[in-house]
Amino acid sequence: MAQHDLAQMEKYKGIIIKVGRAKQMDPAVIAAIISRESRAGTGLIDGWGDHGNAFGLMQVDKRYHTPEGAWDSEQHVTQGTKILIDSIKEIKANFPQWTQEQCFKGGISAYNAGVNNVRTYEHMDVGTTGGDYSNDVVARAQWYKSKANIYGDIMKIDTTGASEKTAKQDKLTIKGVEASKKLAEHDLARMEKYKSIIIKVGKAKKIEPAVIAAIISRESRAGAALKDGWGDRGNGFGLMQVDKRYHTLVGAWDSEQHITQGTEILIGSIKEIKAKFPKWTQEQCFKGGISAYNAGVKNVRTYEHMDVGTTGDDYANDVVARAQWYKSKGY
């Protein structure tokens, strides 16, 4: 059903991603609710559904809320998302022993049938439309998510973070994931200059923008480590340090063209790792491709020791940890 709505959903993708980023809500969940509630608008008459009671893509009920904006507007999607967030918060208050994910699912169920309808985790959908609301929305969201980032979910990848050697770049006295977060944070102000390009390329190439940002942070400190766009003794070019010895350089050092090339090189590495290790999971291949971006596919021999031989012996682990931090900042 989500697939059937995909072409129609594409019209609202920009708004959905923008609202998701602003409200720190997974855009795939917003898309899934739009799919379930209005079939991405095709189930509406002049913007209305549910016998004239519910308005817009997210079917905001006029009996409980004053509809805001046009039926397919950013204002409307923002209102629907706020209602969802409030439902999640109420579920958290009602069930303090539930995990974050359980409350998330409970809030989705409550979006349809109200917080009072959610009595137990196992039977939360009893009383919702079709008796399946949250389960259906979660499944649709997972499908939409798979269409956004086809190489894996960076948040599902294990990481040990930066080595002591890498952490010393910023004179840190810590190492590991916390050091990676600090290194990424130190680059954030500079990274913001390239955020729109990073997100645009990530969307076009269906790879998490946070990973692109993390590689830019690791490779060039968001440009601060470069001289006239060059690094690595004049071999590495641009924000993503494309090596002139192996690639024909494209675009200016800080351009969309350059970031596209670097991202394509990363994707090529992921695909080669998939071919080399067919039994690895999607996320394992994702991490292996990140390691190979630095030291080549041949250097990746085992999952546990893929970073041996990379710069600092920590490349993939550091990049993954930085990416997870950048994702929390809207990348």
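This is a predicted model: local features need pLDDT of at least 70, side-chain atom pairs count only at pLDDT 80 or more; totals for chains, interfaces and linings use all residues.
- The protein is divided into domain 1, which covers residues 1-148, and domain 2, which covers residues 154-328.
- Taken over C-alpha atoms, the centres of domain 1 and domain 2 are separated by 34 Å, and the contact takes seven residues from each of the two domains.
- On the side of domain 1 that touches domain 2, the elements that give two or more residues are α2 and α6 (133-148).

**Helix α9**

- Helix α9 spans residues 195-205, and its buried residues are Lys195, Ile197, Ile198, Ile199, Val201 and Gly202.
- These buried residues of α9 pack against α2 (13-23), α8 (177-191), α10 (209-220) and α11 (256-276).
- Following α9 comes Lys206, which has a positive phi near 60°.

**Nonpolar cores**

- The largest nonpolar core has 46 residues, and those with the most contacts inside it are Ile198, Ile216, Ile259, Ile290 and Tyr326.
- Two or more residues of this core come from each of α8, α9, α10, α11, α12 (282-295) and α13 (315-328).
- A second, separate core has 28 residues, among them Ala2, Met9, Met25 and Val29.
- When neighbours within four places in sequence are left aside, Ile216 is in contact with Met191, Ile198, Arg221, Ala222, Leu239, Met240 and Ile259.

Technical notes. Residues are numbered from 1 along each chain as its sequence is written. Side-chain values use heavy atoms; hydrogens and water are left out. Buried means under 20% relative accessible area, exposed over 50%, partly exposed in between (1.4 Å probe, protein chains only). Helices (H or I, at least four residues) and strands (E, at least two) are DSSP runs, numbered from the N terminus. Contact means heavy atoms within 4.5 Å. A nonpolar core is a set of buried Ala, Val, Leu, Ile, Met, Phe, Trp, Tyr and Cys residues joined through side-chain atoms within 4.5 Å. Domain bounds come from an automatic or database domain assignment.
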